[in-house]
Amino acid sequence: MKVRNFLILCLAVVLASCNGGKQEGSGAEKLYAKADSACKAGNYNLSKVLIDSIHKIYRMDVEIRKKAKSLMSEVDSIEYARTQAYFDSIRPFRQATADSLLKNFTVSSDTAYYNYKKYVHKNQNAAAPRKSLIAEVKEDGELQLISVYMGSKLNHKKVKVSNKENFYVETETIGLDSPYNNRFDDFGTRWEYLTFTGDNMGDVPVFIYSNFDKPLKITLIADSIETKKGKKASTYIYMLDPQDRTAIKQAVELSNVLNELNKMRL
């Protein structure tokens, strides 16, 4: 958009120097003719730049601006049809990829509470929850990561993922008062579920995707606690199971392809 506006400004300066800044009808007609020729030649970006220039330079020439508006609609229609033709050509391949990935997933039991489907990897759909990062994918492609913890009280609010080279990424902090931070006690066992969506996940999904074949350490981070040596962050550390690394990798792939298919339907 910035480049386009710059081109319009440059064009305006040139045209203004040629006609003394006067809004002459012949100048607007010539500019429209160039825009029309660019459209017919398939140079739609140039055509749009020239049309925008007409509206900015020849504001008083109502008739030419009406023609320019109509030409812009024609350009938009052509580009839309071209985009749809491209989508139609690649949609079967993307759908085949989605169908292949979906064989590794099952519909989450939580789907019964929503008006959309949510997919969870079969390797992570265990009946008994465990310490892990669970990936879920909505049918529109939205990815979620759920940090599951069981043990003594922790109240973790953040997750850090690191590899053996000590490169790491972190999620955003989810406060204890957030609806995405759930916890309860059951016969002396603490259960904590921390759900990350969108930007709250940070680069965690991409990091796991890129390192799925390597050992990854998960650090659950809670509020700092008082010790004899001062304040220290309360944490819990475990290694992410290889099958969970693979499940999250495939969840990222499924999320990407479902996102793409969803955009093709718009």
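# Pocket lining and helix packing

The lining of the second largest pocket is made up of five nonpolar residues, three polar ones and no charged residue, where Asp, Glu, Lys and Arg count as charged, Ala, Val, Leu, Ile, Met, Phe, Trp, Tyr, Cys and Pro as nonpolar, and the others, Gly among them, as polar. The model is a predicted one, in which local features need pLDDT of at least 70 and side-chain atom pairs count only at pLDDT 80 or more, while totals for chains, interfaces and linings use all residues. Residues are numbered from 1 along each chain as its sequence is written, and side-chain values use heavy atoms, with hydrogens and water left out.

The residues that line this pocket are Leu 143, Met 201, Gly 202, Pro 205, Val 206, Val 252, Ser 255 and Asn 256 (a pocket is an open set of points on a 1 Å grid with protein on both sides within 12 Å along at least five of seven lines, and lining residues have an atom within 4 Å of a point). Two or more of these lining residues come from each of the elements α5 (204-210) and α6 (242-265), and α6 gives the most, with three residues.

| Helix pair | Angle | Distance between axes |
|---|---|---|
| α3 (residues 44-57) and α4 (residues 62-102) | about 155° | 10 Å |
| α4 and α6 | about 150° | 9 Å |

Helix α4 is therefore roughly antiparallel to α6, a term for angles over 145 degrees. The contact (heavy atoms within 4.5 Å) draws on residues of α4 including Phe 87, Ile 90, Arg 91, Leu 101 and Leu 102, and on residues of α6 including Leu 254, Val 257, Leu 258, Leu 261 and Met 264. By class, this contact between α4 and α6 holds ten nonpolar, four polar and six charged residues.

Helices α3 and α4 are likewise roughly antiparallel to each other. Among the residues that make their contact are Tyr 44, Lys 48, Ile 51 and Ile 54 of α3, together with Ile 64, Leu 71, Met 72, Val 75 and Arg 82 of α4. The residues of the contact of α3 with α4 divide into nine nonpolar, three polar and seven charged.

Notes:
1 Å grid on protein atoms, 1.4 Å probe; cavity = no way out; pocket = protein on both sides within 12 Å on 5 of 7 lines; lining within 4 Å. Helix = DSSP H or I, 4+ residues; strand = E, 2+ residues; numbered from the N terminus. Axes fitted to C-alpha atoms, helices over the stretch in contact; angles between N-to-C directions. Parallel < 35°, antiparallel > 145°, perpendicular 65-115°, else oblique.
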